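Hi,

Here is the structure I promised to pass on. Have a look at it first, and then read my notes below.

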Amino acid sequence: MSGSTHGAAPPRLRADGVGFDELAQATRNHGMPLEALRYDVTPAGLHYLLIHYDVPFVDVTAWSLHLDGFDHPMTLSVDDLRARSQVTEAVTLECAGNGRAMFESRPVSQPWLLEAVGNAEWTGVPLASVLDEAGVPGDTVEILFTGLDRGVEGGLEQSYQRSLPLEEARRDGVLLAYEMNGQPLLPQHGAPLRLVVPGWYGMTHVKWLDRIEALDHPFQGYQHTAGYRLRSHPDDPGEPVTRILPRSLMVPPGVAGFPQRERHLAAGRVELEGRAWSGAAAIAQVEVSTDGGTTWIDAVVDPPAGPHAWQRWHLDWTATPGEHELACRATDATGERQPIEATSNIGGYANNSVHRVRVTVEDRNA
């Protein structure tokens, strides 16, 4: 969701200060419960979900994908796409707003904590092969993707649109996907066709694809010029949100209280575990702290299932009675490490600060 409030009505607040607008987003979208980090492949029903506008109703039998602005414009049905050579890629997706609610101030948008992530297996046609077939004009600089979802944002009625530089669109792993985890896409995940762009935050993975266009100029639509930019103040033009920053998350150990979800754990040996990923490179190191970040210990990091998939990490811990703050942080192969605290921005984007979990360890043999 965009951090811009241009043309938007003022937020509606309950008497206790909770925003009705945030509640409206939270009831439509959902995160992946962190206990689901245990799955190598996230089940479709547990994978995070962010829908900007409405889920469009699409008659798959009548749907087609239009390619315009190419040397050989094309219209492709689902059957046309399925008749082409297909590939399957395990890809970790993360919403650019993941962690937004952890910032002290944030825009009215989806109030993510840390659960806006998932790792699914996507099956489809390499985008580069379709672009080659259509013939990319020599003056093309970007490829524009338009979804069937429409809404009003920033005072403008619009279709959801994002573009990619041509070299990114042609990169290995970028897919026109029609299956998720071996099954046809669900309506909420973009059926019948969506874009999958490994390494980029979720706003790039346009769902309910309707049209692909070759552009000889940079796209100037709302989602590029107003939305998804890292701004420090309203007049700051900002930098675009692109690749996923390094992040590690921990499976909360023990059992949860309700409704606060505080953690309770029996004293003794515990295997701490979680997942780590980065949009720039593989994860080189995950460190874990059991004392709130004073000291850090290297965890064991397993190799990824593929070049675009998250990696499991694990560490044995002898839990002693008392209150503990656990934390984890990842460093990718470029040397970029998760910060202790992320720098806030008015869109609430890219908060990849260290994950912390408070646990109460109990001596149940006393």
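This is a predicted model: local features need pLDDT of at least 70, side-chain atom pairs count only at pLDDT 80 or more; totals for chains, interfaces and linings use all residues.

The charged end of Arg329 sits over its ring, 4.1 Å from the ring centre.

Next, the aromatic rings. A pair of aromatic rings is described by the distance of the centres and the angle of the planes. There are three aromatic pairs in the structure. In one of them, Tyr48 and Trp112, the ring centres are 6.0 Å apart and the planes meet at 80°, so this pair counts as edge-to-face, since the cut-off for that is over 60 degrees. Where do Tyr48 and Trp112 lie? Tyr48 is in the loop between helix H1 (20-28) and strand S1 (65-68), while Trp112 is in the loop between strand S3 (87-94) and strand S4 (117-126), so the pair ties together parts that are 64 residues apart in sequence. Both Tyr48 and Trp112 are buried.

Searching the whole structure turns up one cavity of 30 Å³ or more. The volume of this largest cavity is about 230 Å³. It is lined by 20 residues, and the closest to its centre are Leu50, Arg194, Gly202, His205 and Lys207. Sorted by class, the lining has 11 nonpolar, six polar and three charged residues.

On to the strands. Six of them make an open sheet with mixed pairing, in the order S14-S15-S22-S21-S17-S18. Strand S14 (255-256) and strand S18 (297-298) are at the edges with a single partner strand each, so one side of each has no neighbour in the sheet. Inside that order, strand S15 (residues 263-266) pairs with strand S22 (residues 355-362) in the parallel sense, over four bridges. If you want to find one of these contacts, Arg263 has Val359 in S22 as its bridge partner.

Note on methods. Residues are numbered from 1 along each chain as its sequence is written. Side-chain values use heavy atoms; hydrogens and water are left out. Rings of Phe, Tyr and Trp (its six-membered ring) pair if their centres lie within 6.5 Å; planes under 30 degrees apart count as stacked, over 60 as edge-to-face and the rest as tilted. Helices (H or I, at least four residues) and strands (E, at least two) are DSSP runs, numbered from the N terminus. Buried means under 20% relative accessible area, exposed over 50%, partly exposed in between (1.4 Å probe, protein chains only). A charge sits over a ring if NZ of Lys or CZ of Arg is within 6 Å of the ring centre and within 35 degrees of the ring normal. On a 1 Å grid over the protein atoms alone, a cavity is a set of points where a 1.4 Å probe fits but cannot get out, and a pocket is an open set with protein on both sides within 12 Å along at least five of seven lines; lining residues have an atom within 4 Å of a point. Grid points are joined across faces, edges and corners, and a volume is the space filled by probe spheres set on the points. Ala, Val, Leu, Ile, Met, Phe, Trp, Tyr, Cys and Pro count as nonpolar, Asp, Glu, Lys and Arg as charged, and the others, Gly among them, as polar. Two strands pair if DSSP finds at least two bridges between them.
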